[in-house]
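Subject: Structure handover

Hello,

Here is the structure for you to look over. My notes on what was found in it follow below.

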Amino acid sequence: MVNSKDKPSRNVEAILQLERETMEGIKNKDADALSKIVADDFIHRSPGGVDAGKAEFLKSVASLPVKVMEIWGEELKVSVYGETAVLTGVQRVKTKSADGKEEAGAGAFTDVFVKREGRWRMVLAYSVDLPEIARD
């Protein structure tokens with residue numbers, strides 16, 4: 001018999017693993033890997049932007065004009081509501097342009113996952129760029 005307390009922790013770990021795979025897919029500009037994570041009805045949304053469906057999102061990642069040197073998540077929190085999971089956090093990224101200029105950025109995000117046919121799929125990603133804070 002499965003302990004009901006074990007199920008959420010497995011779901012939480014599954015969502016965190018998908019987020020790691022998502023960040024790795026972005027770093028590698030790997031639309032095929034990301035295609036396995038995002039649902040066909042996926043939407044990417046950001047303030048002031050136009051909603052991007054799955055195809056547009058995958059194309060934008062594959063054609064990023066910079067090399068992603070590092071990408072990672074901080075303050076990651078997962079809430080599971082039955083067949084729906086919500087992941088919030090801060091995504092940090094370090095990039096390098098073709099001319100060698102390095103930049104760092106951060107964005108707050110919310111990713112929504114739905115369990116379909118036994119597998120978690122990302123159906124919505126919402127992100128907001130954060131201002132860079134000077135560090136000593």
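A residue is called buried under 20% relative accessible area, exposed over 50% and partly exposed in between, using a 1.4 Å probe and protein chains only. By that rule, 31% of the 136 residues of the protein chain count as buried.

Some ground rules come next. The model is predicted, so local features need pLDDT of at least 70 and side-chain atom pairs count only at pLDDT 80 or more, while totals for chains, interfaces and linings use all residues. Residues are numbered from 1 along each chain as its sequence is written, and side-chain values use heavy atoms, with hydrogens and water left out.

Overall layout

The protein chain has three helices and six strands. Here helices (H or I, at least four residues) and strands (E, at least two) are DSSP runs, numbered from the N terminus. Their order along the sequence is α-α-β-β-α-β-β-β-β. The C-alpha trace spans about 60 × 40 × 25 Å along its principal axes.

Contact means heavy atoms within 4.5 Å. Among contacts between residues at least 6 apart in sequence, 50% join residues at least 24 apart.

The sheet

Strands of a sheet pair through backbone hydrogen bonds, either parallel or antiparallel. Two strands count as paired if DSSP finds at least two bridges between them. The six strands make an open sheet with mixed pairing, in the order β2-β1-β6-β5-β4-β3. Its edge strands, β2 (52–53) and β3, each pair on one side only.

β1 runs parallel to β6, and four bridges join them. Within this pairing, V38 stands opposite M122 of β6, and I43 has L124 as its bridge partner. In β2, the bridge partner of I43 is G53. β1 and β2 pair in the antiparallel sense over two bridges. These two strands form a hairpin with six residues between them, and G48 in the turn has a positive phi of about 75 degrees.

Helix α3 lies across β1 and β2 and runs at about 70 degrees to β1. For that angle, axes are lines fitted to C-alpha atoms, for helices over the stretch in contact, and angles run from 0 to 180 degrees between N-to-C directions.

The structure holds one aromatic pair. The ring centres of F42 and F57 are 5.0 Å apart and their planes stand at 55 degrees, so the pair is tilted. The pair links distant parts of the chain, with F42 in strand β1 (residues 38–45) and F57 in helix α3 (residues 54–62), 15 residues apart. As for the terms, rings of Phe, Tyr and Trp (its six-membered ring) pair if their centres lie within 6.5 Å; planes under 30 degrees apart count as stacked, over 60 as edge-to-face and the rest as tilted.

F42 counts as buried at 1% relative accessibility, and F57 is buried at 11%. Setting aside residues up to four places away in sequence, F57 touches L34, V38, F42, H44 and A52.

A nonpolar core is a set of buried Ala, Val, Leu, Ile, Met, Phe, Trp, Tyr and Cys residues joined through side-chain atoms within 4.5 Å. The largest one has 23 residues, and F57 is among those with the most contacts inside it, together with I15, L87, F113 and M122. At least two residues each come from α1 (6–27), β1, α3, β3 (67–81), β4 (84–96), β5 (102–116) and β6 (119–130). The most come from α1, which gives five.

T22 is found in helix α1 and is buried, with a relative accessible area of 6%. Leaving aside neighbours within four places in sequence, T22 is in contact with L34, I37 and M122.

P65 lies in the loop between α3 and β3 and is exposed, with a relative accessible area of 69%. The C-alpha atoms of P65 and K77 are separated by 30 Å, and the two residues are twelve apart along the chain.

L130, in strand β6, is partly exposed at 34% relative accessible area. L130 and A108 are 22 residues apart in sequence and 6.6 Å apart in space, C-alpha to C-alpha.

Regards
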